[in-house]
Amino acid sequence: MKKIVPLISVLTLILMTWVSPAYVAEKSLYKIGVNLEFTGPWAEVTKTVRNAMVLEVERINKMGGIDGHSIELLFEDNGFDLGRTAANMTKFTKDKQIIAVVGPFEDNLQATSRAIAEREKITNIIICPSNPMVRALKQKWAFNIAQSDIIVSQKLVDLSLARKYKKVLVFPAAIPLAKSLAEFYKRFGEEKGMKIIISQETHKPTDIDMTPQLIKLKPIIEKEKIDAFYACTAGPPGPIICKNLRTLGVKTPILGTHAFGFGFIIALGGEAMEGVEFGAGKPVVPDQLDENDPVRTINLDFDKRMRERDGVGLDQIAGHAHDTISLIYDALKRCQGKVTRAIFRDALENTKGHKNCHGIYNYSPTDHDGLSKKDMVFIRIEGGKFKRIKFPGFE
Amino acid sequence: MSTWTYIPQLLSSGITIGAIYALVALGFVTIARASQIINFAQGEFVMLGGVITFFFLKVMNLPYPLAAFIAILIVILIGFVMHLSVVYPLRKASIVILLMATLGASIFLSSTSGLLFGTLPKTLPPFSGERPLQLLGVSVLPQSVWVLISTLILLIFLYLLSHRTLLGKAMEASSTDPLGADLLGISRNLMVFLAFGVSAGVGAFAGILITPVFFTSYSSGTLLGLKGFIAAVLGGWGKNSGAILGGFVLGIVESLSLAFIPAGYKDAIAFGILLLILHFRPKGILGSPFMDSRRW
């Protein structure tokens with residue numbers, strides 16, 4: 001009996017060590033580099049990205065990681081600077097333990113990081129691939145998270161058809177994304193028999209007053225009997241256009257892009273935002289998704305966890321950050337223990353039917369965009385809040 | 001529809017933005033008159049006025065007038081601190097060195113604002129409603145009327161300050177004849193110090209006026225500062241009346257130009273006008289007290 005007691009104790013100790021988190025930590029870490037604009041104009045947005053990514057990684061690691069391997073995020077600030085973006089990317093590629101790199105955020109920085117990713121053969125996950133020209137390169141190692149300009153335009157055409165708008169005037173920003181959104185909207189709209197006029201007047205993201213441009217567009221709205229005005233833009237110009245248009249006494253319904261689906265846009269535009277409609281990602285209205293929506297519980301759960309920890313709810317950006325980590329986790333699981341950069345890339349490319357905040361992701365060798373039109377919802381701003389609207393036959 | 005039908009509405013839009021340019025230009029001129037320094041952080045004072053008021057109004061939940069008042073006081077304090085920490089230690093350096101120092105201060109102020117108050121743009125509620133007024137067939141926001149009236153009041157205040165008070169006269173004296181001012185016992189350093197406070201206060205006031213119409217973010221001071229500088233040079237560098245005239249001319253020309261050319265060239269118009277003026281009339285529209293007419 002005296003010999004059995006120490007034996008049991010030793011066996012118990014070994015067993016405890018085996019199942020304890022300390023043992024999990026001993027297994028190698030799966031490292032992911034994050035190359036984002038933590039300082040500069042996107043600082044507040046990237047803070048949300050960081051918080052949401054950390055929240056999701058902590059949950060995964062608490063559950064035991066991927067067969068005992070925890071995920072570790074390595075953050076580097078690129079300071080909204082091309083040189084630092086390239087330096088960070090190169091630094092990450094040199095560290096052979098890093099499996100993939102997330103970011104950067106800004107248009108012109110992405111082209112550089114994607115090119116380095118192609119050369120160095122490392123997966124580069126881009127959260128907001130807003131430059132359609134870069135996106136269209138269909139690079140082997142780059143994967144996109146946010147909805148493409150094509151599906152955003154298709155969704156808005158659906159909204160226009162559901163509202164029976166026959167003539168729409170588009171006022172695009174002078175940025176590649178807005179130009180592409182305007183052109184796709186025109187193409188898909190005209191296929192469905194609509195008349196789309198793209199204004200020759202444009203605006204810059206830095207414009208603080210659009211009244212002069214809108215004064216020139218007002219006669220077109222009246223003469224052509226325009227049914228809706230499409231503010232094809234992102235960021236502060238959205239609310240500026242709505243305010244200026246209403247000040248000029250134009251009562252035409254306003255359509256927006258998915259970039260209108262953020263709380264600060266309503267805060268900036270105030271009353272002028274009332275009635276603005278657009279298509280956006282599901283995280284804009286987590287609690288208004290259908291009961292049978294396959295991603296409703298994911299959205300509600302993540303929204304709840306974000307509120308508990310950071311005091312702010314889910315938004316589209318936080319949703320993208322969640323989806324990024326969730327896709328990485330899913331691909332790592334499918335690597336079945338043999339995790340190399342190449343195997344991880346192939347696993348990510350084979351993502352099929354993966355449910356996330358924004359919808360169901362399907363990647364393939366010809367499609368690195370993941371989402372489809374079905375993964376978006378129609379939104380209307382009402383009473384200073386986002387309200388989901390539905391149309392039979394269009395959803 | 002004829003291009004000319006846009007003109008009244010474009011004019012109204014130009015006058016509003018012109019008033020703001022005039023206020024920023026006045027800030028430049030106030031400091032220049034006291035010390036001949038070009039303070040490139042002037043635009044940041046405007047930005048800080050809007051951002052700090054937003055902070056006290058929305059985060060600290062103070063009443064609007066109190067939030068605005070505290071913001072102006074804080075920005076004046078920042079103006080004083082900037083003088084003591086940036087300009088005063090370099091008082092013996094050349095104007096170019098001082099110009100670079102104020103540029104550095106401008107970057108410091110905008111980055112610090114981004115760090116403390118966030119990088120997303122902010123807006124303030126309008127002083128009295130958002131419903132546009134119809135004046136002679138032109139839609140005008142009530143806030144635009146506020147901008148104009150307040151600018152006018154501030155201009156009268158600044159006029160009285162510089163022409164009717166001993167302080168204003170002393171400030172001007174220290175700029176136009178530094179030796180004479182010294183001999184009369186006017187402390188030039190004190191005058192520059194006070195000019196920084198006045199200029200920061202004017203900037204903050206302008207920031208509070210425009211934030212309900214144009215939004216403010218940590219980086220919005222740079223362009224406003226540049227436009228204000230152009231306005232000050234356009235009207236006549238160093239003259240209060242020149243700054244006001246330059247501001248309105250720039251705002252109106254920028255706005256009216258859009259009737260004839262696409263919007264993308266709007267900013268180019270401002271800089272184009274500056275180049276033309278510098279080429280044909282380097283002293284500005286009303287002439288500059290700092291430039292010897294014999295040189296031209």
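This is a predicted model: local features need pLDDT of at least 70, side-chain atom pairs count only at pLDDT 80 or more; totals for chains, interfaces and linings use all residues.

Q: What's the phi of B:F215?

A: Phi of B:F215 is positive, about 65 degrees, although the residue is not a glycine. Most residues other than glycine have a negative phi.

Q: Is B:F215 buried or exposed?

A: Buried: the relative accessible area of B:F215 is 6%, and the cut-off for buried is under 20%.

Q: What about the peptide bond from A:G103 to A:P104, cis or trans?

A: That bond is cis, with omega near 5 degrees. You'll find A:P104 in the loop between strand 3 (98-102) and helix 5 (107-120) of chain A.

Q: OK, switching to helices. At what angle do helix 3 and helix 13 of chain A cross?

A: Roughly 35 degrees, and the axes of helix 3 (residues 43-62) and helix 13 (residues 316-334) of chain A come within 8 Å. The crossing of these two helices is right-handed.

Q: Which residues of helix 3 and helix 13 of chain A meet there?

A: From helix 3 of chain A you get A:V45, A:T48, A:V49, A:A52, A:M53, A:E56, A:V57 and A:I60. They meet A:I317, A:A318, A:A321, A:H322, A:T324, A:I325 and A:Y329 in helix 13 of chain A. By class, this contact has 11 nonpolar residues, three polar and one charged.

Q: New topic, then. How many cavities of 30 Å³ or more are there?

A: Three. The largest cavity has a volume of about 160 Å³.

Q: Which residues lie nearest the centre of the largest cavity?

A: Those are A:T211, A:T247, B:S13, B:L141 and B:S144, out of 14 lining residues. Helix 1 of chain B gives the most to that lining, four residues. The lining of the largest cavity divides into four nonpolar, nine polar and one charged.

Q: And how much space lies in the second largest cavity?

A: About 130 Å³. Its lining includes B:L26, B:T30, B:R33, B:E172 and B:N240. Helix 1, helix 5 (142-164) and helix 6 (166-176) of chain B each give two or more residues to the lining of the second largest cavity. That lining has five nonpolar, four polar and two charged residues.

Q: Leaving aside residues up to four places away in sequence, what does A:K373 touch?

A: On that basis, A:K373 touches A:I151, A:Q154, A:K155 and A:D158. A:K373 and A:I151 are 222 residues apart in sequence, but their C-alpha atoms are 5.0 Å apart.

Q: And A:S160, buried or exposed?

A: A:S160 has 0% relative accessibility, so it counts as buried. A:S160 is in helix 7 (residues 149-162) of chain A. Not counting residues up to four places away in sequence, A:S160 touches A:Y165, A:Y185, A:M194 and A:L255.

Methods
Residues are numbered from 1 along each chain as its sequence is written. Chains are lettered from A and ligands numbered from 1 in the order in which they are written. Side-chain values use heavy atoms; hydrogens and water are left out. Axes are lines fitted to C-alpha atoms, for helices over the stretch in contact, and angles run from 0 to 180 degrees between N-to-C directions. A crossing is left-handed if the near helix is turned anticlockwise from the far one by less than a right angle, and right-handed if clockwise. Contact means heavy atoms within 4.5 Å. Ala, Val, Leu, Ile, Met, Phe, Trp, Tyr, Cys and Pro count as nonpolar, Asp, Glu, Lys and Arg as charged, and the others, Gly among them, as polar. On a 1 Å grid over the protein atoms alone, a cavity is a set of points where a 1.4 Å probe fits but cannot get out, and a pocket is an open set with protein on both sides within 12 Å along at least five of seven lines; lining residues have an atom within 4 Å of a point. Grid points are joined across faces, edges and corners, and a volume is the space filled by probe spheres set on the points. Buried means under 20% relative accessible area, exposed over 50%, partly exposed in between (1.4 Å probe, protein chains only).
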